Amino acid sequence: MTQGIVTPLSQALAEGKLTRDELKSLMQRSDRPALRHLALWLLVLTGTTMLVTLAWNSWLIWPAMFLHGIVLVHHFSLQHECVHYTVFRTRKLNNILGQICGLIIVLPHRFFRDEHCDHHTYTQLPGEDPERIPLPQTYGQYLLYLSAIPYWKAKFTEIARHAMGQFSDVEERFIPKEEQASVCRDARIMLAIYALIFVGMAVTGWWGLIWYWVIPLFLGEPVMRFIRMTEHVGRPTVAQMSDNTRTNLVSAPWRFLCWNMNYHAEHHYVPLTPFHALPRLHEKLKDDIHVEPRGYLGAHIDILSQIHGARS
Amino acid sequence: MSDTPWRDLIAVDELETDWVTRVEVGRRTIAVYDTPTGIYASLALCTHGGADLCDGYFDDHVIECPLHQGAFDVRNGKPIAAPATRAMKVLEVRVRDGKVQVRI
């Protein structure tokens, strides 16, 4: 074989949408933007934690936990960026931070990385893309997905299976043989840490993490499901990256929380682009990709209208 | 020592500084790396998914695949990050008269 496979990136280069110099400039990594973003991230996290504390003895703790949960579930976006090694220039820092994020949102980092590779190879292809969220056929299925109940069920089952060293046929395909023992070990370590935390709470009698972490995480996850749906659901199930992925134009606070992952089509074109360079890449590619100018809500209007159309 | 003759690849001046440069040799594509400790070269295709490493991210001695971020040490071809698990083929390199030469 003498020619590489055609990737969205090689296609963009061949079609002149990007030059090699532009690509090189877009891919440059630096620890500094991530450290700035993380500092603000910790401030926001401290703020929402304080809100939960201040609302402790009133009903307001529920909206406070919901708000806190929205921030917590966005550790997914940060972990996703770490999976691509594009948060920090220092590779190890990406792995360390990714593991921490994974622990917060119950998503083992190594497994996510392996799975996500296949998502990039087979984006939106039925039966191939392991992260594909099918277009719901009914409003009931739509709401059920948004409840995050199927998501948590799948996640807990997945971790339990991996801890027992069991992998599905699809997982056997995308987890390299050499990594399977490590994926199994990661799941066991994660479960052991959770067990230790709960034993610690039982022994000390301080159940604060239930209110600062567990309940907010479950309250916030539907928001992450709402956002994850906007990336591909309702887009054509074809290999063409300009069609199968949706970029959503959202306001600055959402861009901050999702580490610019709303520029999702751009990310799929050049997965090596760090989060801070995605707006620049958007300017280069915006005429060649599918852009939803109404943001997340617009994407859901599109999804709901497709469900409505299919039913009538 | 290999009997394979040395072959001119590219002028040193034409290499992208601190980056990877693509060179076509017949039907083969070679990735040439300008690193802090000298020039290295490998076949350009990732051993995992077959993507062109010349479109990847290069830093220090590590080339990262543009598709899945599997990574290799360009000095010896060893995979240093999954999903890459098989070494890439590195080539013997020398510089003569301002030209990068490889045995291929």
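Student: Against which helices of chain A do the buried residues of H4(A) pack?

Tutor: Happy to start there! Helices are DSSP runs of H or I with at least four residues, strands are runs of E with at least two, and both are numbered from the N terminus. Buried means that 20 or more other C-beta atoms lie within 10 Å of a residue's own; 12 or fewer is exposed, in between is partly exposed, and C-beta atoms are placed from the backbone. In H4(A), the buried residues include A:Ala64, A:His68 and A:Leu72, and the packing partners of the buried set are H3 (31-54), H5 (75-83), H6 (91-105) and H12 (208-232) of chain A.

Student: What kind of model is this?

Tutor: Residues are numbered from 1 along each chain as its sequence is written, while chains are lettered from A and ligands numbered from 1 in the order in which they are written. Local features need pLDDT of at least 70, side-chain atom pairs count only at pLDDT 80 or more, and totals for chains, interfaces and linings use all residues, since the model is predicted.

Student: How far does H4(A) reach from its first C-alpha to its last?

Tutor: H4 of chain A covers residues 61-73, which is 13 residues. The expected span is 1.5 Å times one less than the number of residues. That expectation is 18 Å, and the helix comes close to it, reaching 18 Å.

Student: Which helix gives the most to the side of chain A that touches chain B?

Tutor: Contact here means C-beta atoms, placed from the backbone, within 7 Å. By that rule, 21 residues of chain A are in contact with 22 residues of chain B. Helices H1 (8-14), H2 (20-27), H7 (109-121) and H11 (177-204) of chain A each give two or more residues to this side. With four residues, the top contributor is H7(A).

Student: In what order do the strands of the open sheet in chain B run?

Tutor: Strands pair if DSSP finds at least two bridges between them. S1(B) and S11 (residues 99-103) of chain B pair in the antiparallel sense over five bridges, with B:Asp8 bridging to B:Gln101. S1 (6-11) and S10 (93-96) of chain B each pair on one side only, as edge strands. The order of the three strands is therefore, with pairing as defined, S1-S11-S10.

Student: And what share of the 312 residues in chain A is buried?

Tutor: Chain A folds into 17 helices and two strands, and its C-alpha trace spans about 60 × 45 × 40 Å along the principal axes. The buried share of its 312 residues is 38%.

Conventions
Contact = placed C-beta atoms within 7 Å.
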